[in-house]
Amino acid sequence: MNDSSDLEVIDQHLNAAFDAALEHSHGLAAQCVISHAEVMRSYGAEPRQVEAVLRKGLQALPENGFAQVRGELSLELGGLLHETAPTRLGESVGLFQDALRLLDPTVHRRAYGFAQMRLGLVYLSMSMSDAGDALRMGVATQSLRESLKTLSPEHEPDLWCAAATNLANAYQLLPSGHLSENLEESVRLYTEVVQIRSVELDP
C-alpha cells in the first residue's frame, strides 16, 4: 500500500497538469484526466476520489466534439461504478451506452468491443427477480455477441477470451426454449477459449 501523503502529492501535481492543459486544449485536459485516474487507482485511492477525477474530465469537455475522449471517460467511469458501487449499476449502464454511442466501432474497435463486453457484464450482474429478467439477459448476450464481433482473438486475445467465456456462461442461464442449442454454443465457445489460452499462458 502506498503512503497517503504520496498520493496527495501526486494528486496535486496531476490536478496542476489538468489546469495547465485546460488553458490550451479541452481534449488534452481530458486525456490528462484519464492518466490521472489510472495513477490514482494504482496508488489505492478511494473510488469516490477516482470518480471525482473522471467526472471533472467529462465536465471539462464541450457538448460537441471530442467524441473519442468523452467515450473513453464514460467507459472508465462506468467500469469504476460497476466494480465498486453495486447499488449504482443503472448509472453504469447509462455510461456504457454513452460510450457505445460516442465510439465508432470501425475506428475505436478495441474500446468499442470492451464497452460492449462491460455492458453485457453489468446486465448479467443485476439481480434477476422480475419480469424484466429475460429482457436483460437477452440484452446482455447480444452485447457480448457484439463484443466478439468487434474484438479480435489475434489482436486482443485476453479481452476476446473474457468476452467469449462470459457469453458461454450467459448461454447456460439464458431463458429459452432452445436449451440444447444454447448449451452447444456454450461448449463451442469454451473450446475456442481453451485453444487460445493454454495452461502455460493462463493456468
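1. In this predicted model, the crossing of helices α5 and α6 is left-handed. Helix α5 covers residues 89-102 and helix α6 covers residues 109-125, and their axes come within 9 Å and cross at roughly 160°. Because of that angle, α5 counts as roughly antiparallel to α6.

2. On the α5 side, the residues that make this contact are Leu89, Ser92, Val93, Phe96, Gln97, Ala99 and Leu100, and they meet Tyr112, Ala115, Gln116, Arg118, Leu119, Val122, Tyr123 and Ser125 of α6. By residue class, the contact of α5 with α6 divides into 10 nonpolar, 4 polar and 1 charged.

3. A further helix pair is formed by α2 (residues 26-42) and α3 (residues 47-60), which pack at an angle of about 170° with their axes 9 Å apart. The angle therefore makes α2 roughly antiparallel to α3.

4. In this second contact, His26, Ala30, Val33, His36, Ala37, Met40 and Arg41 from α2 meet Gln49, Val50, Val53, Leu54, Lys56, Gly57 and Ala60 from α3. The residues involved in the contact of α2 with α3 divide into 8 nonpolar, 4 polar and 2 charged.

5. Lys56, which is among the α3 residues that meet α2, also lies over the face of Phe18, at 4.5 Å from the ring centre.

6. How many aromatic pairs does the structure hold? The number is 0, although aromatic residues do take part in the contact of α5 with α6, among them Phe96 in α5 and Tyr112 and Tyr123 in α6.

How values were computed: Residues are numbered from 1 along each chain as its sequence is written. This is a predicted model: local features need pLDDT of at least 70, side-chain atom pairs count only at pLDDT 80 or more; totals for chains, interfaces and linings use all residues. Side-chain values use heavy atoms; hydrogens and water are left out. Rings of Phe, Tyr and Trp (its six-membered ring) pair if their centres lie within 6.5 Å; planes under 30 degrees apart count as stacked, over 60 as edge-to-face and the rest as tilted. A charge sits over a ring if NZ of Lys or CZ of Arg is within 6 Å of the ring centre and within 35 degrees of the ring normal. Axes are lines fitted to C-alpha atoms, for helices over the stretch in contact, and angles run from 0 to 180 degrees between N-to-C directions. Helices (H or I, at least four residues) and strands (E, at least two) are DSSP runs, numbered from the N terminus. Angles under 35 degrees count as roughly parallel, over 145 as roughly antiparallel, 65 to 115 as roughly perpendicular and the rest as oblique. A crossing is left-handed if the near helix is turned anticlockwise from the far one by less than a right angle, and right-handed if clockwise. Contact means heavy atoms within 4.5 Å. Ala, Val, Leu, Ile, Met, Phe, Trp, Tyr, Cys and Pro count as nonpolar, Asp, Glu, Lys and Arg as charged, and the others, Gly among them, as polar.
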